[in-house]
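Thanks for coming. I have one structure to show, and I will keep to two places in it.

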Amino acid sequence: MKTKLTLELEKTLYETCVEAGSIAVEEVTMPDDQGIVDTLSYQHLPSGEDEWRCYELKITKSDFHSNAKLSFVGNYNYFVLPLALYQEVQAEIPVEIGVLSYQKYDPAQLAASTEPVLAPGYLTVEKKPRYQEITLDQDELMRHFLYSLAREVRKAKRVETGISQYSTDRLFNELKKRHQHYDIYDPENNFYDRFIDETRTNAVTALQEEVDALNLEIAKLQHQLYEANSK
């Protein structure tokens, strides 16, 4: 499970890449057993060349020192770190690796903004990376990049369709699973009770609308009958 801070870094980095004209995606598995890149960005340059940038996100000192493989396989490679962490580990960062430090916007900054704020904070270039030649097969790298983009599209479509993709039986079984958490002393906080109450309310409302419509039709017929008898 990703921490709130990790999600903030991911969101800010994604918006930064988009603003720079790059296509970015998180958690891209590399070919040739080169690990998983936290965020990989791609940009086709005006010169006709392709440019790949790899970003490894670390939020704590233990995370920075972990044995997890660093997939620095791009033309430019970066650590993305909270500013306080960067200040602690800057002497340990290899000369060829760049650093982006993260700082969260404070409420005053957000309140003063005249434009929509799409990220929770901002990134500062603390150290520029050195250019490196790609050692992986670029066609294979592109395929892995596209697979990860397709995964994100599937996730977005699932969110968009919501629960409509699930059968009624599946939803019923999921509701039954939550019965073990039923609180008889606080029914207002039980999803099942709220669902039943809302269903009953909607049913009563629908029936009342039908009754009102029928009463209106009866009134119209009575008026027409009265006018016919008056002639």
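This is a predicted model: local features need pLDDT of at least 70, side-chain atom pairs count only at pLDDT 80 or more; totals for chains, interfaces and linings use all residues.

Residues are numbered from 1 along each chain as its sequence is written, and side-chain values use heavy atoms, with hydrogens and water left out.

Aromatics, then. Rings of Phe, Tyr and Trp (its six-membered ring) pair if their centres lie within 6.5 Å; planes under 30 degrees apart are stacked, over 60 edge-to-face, the rest tilted. That rule gives eight aromatic pairs. One of them is Tyr-42 with Phe-145, tilted, at 6.2 Å between centres and 55° between planes. Tyr-42 sits in strand E2 (residues 36–44) and Phe-145 in helix H5, 103 residues apart. Helices (H or I, at least four residues) and strands (E, at least two) are DSSP runs, numbered from the N terminus.

Are these residues buried or exposed? Buried means under 20% relative accessible area, exposed over 50%, and partly exposed in between (1.4 Å probe, protein chains only). Tyr-42 is buried at 14%, and Phe-145 is buried at 2%.

Phe-145 also pairs with Trp-52: the centres are 5.3 Å apart and the planes at 85°, so this pair is edge-to-face. Trp-52 lies in strand E3 (residues 50–57), so the pair ties together parts 93 residues apart in sequence. Tyr-42, Trp-52 and Phe-145 make up one aromatic cluster.

Now the surface. Asp-32, Asp-33, Asp-137 and Asp-139 form a negative patch. A patch takes residues with over 30% relative accessible area and no salt bridge, with like charges joined within 9 Å and nonpolar side chains (Val, Leu, Ile, Met, Phe, Trp, Tyr) within 5 Å. A salt bridge is a side-chain nitrogen of Lys or Arg within 4 Å of a carboxyl oxygen of Asp or Glu. Asp-137 is in the loop between strand E6 (121–127) and helix H5 (138–161), and is partly exposed at 45%.

Definitions and conventions:
Accessible areas come from the Shrake-Rupley method with a 1.4 Å probe; for residues, only the protein chains shown count as cover. Lys and Arg count as positive and Asp and Glu as negative; His and the chain ends are not counted. The place of a charge is taken as NZ of Lys, CZ of Arg, CG of Asp or CD of Glu.
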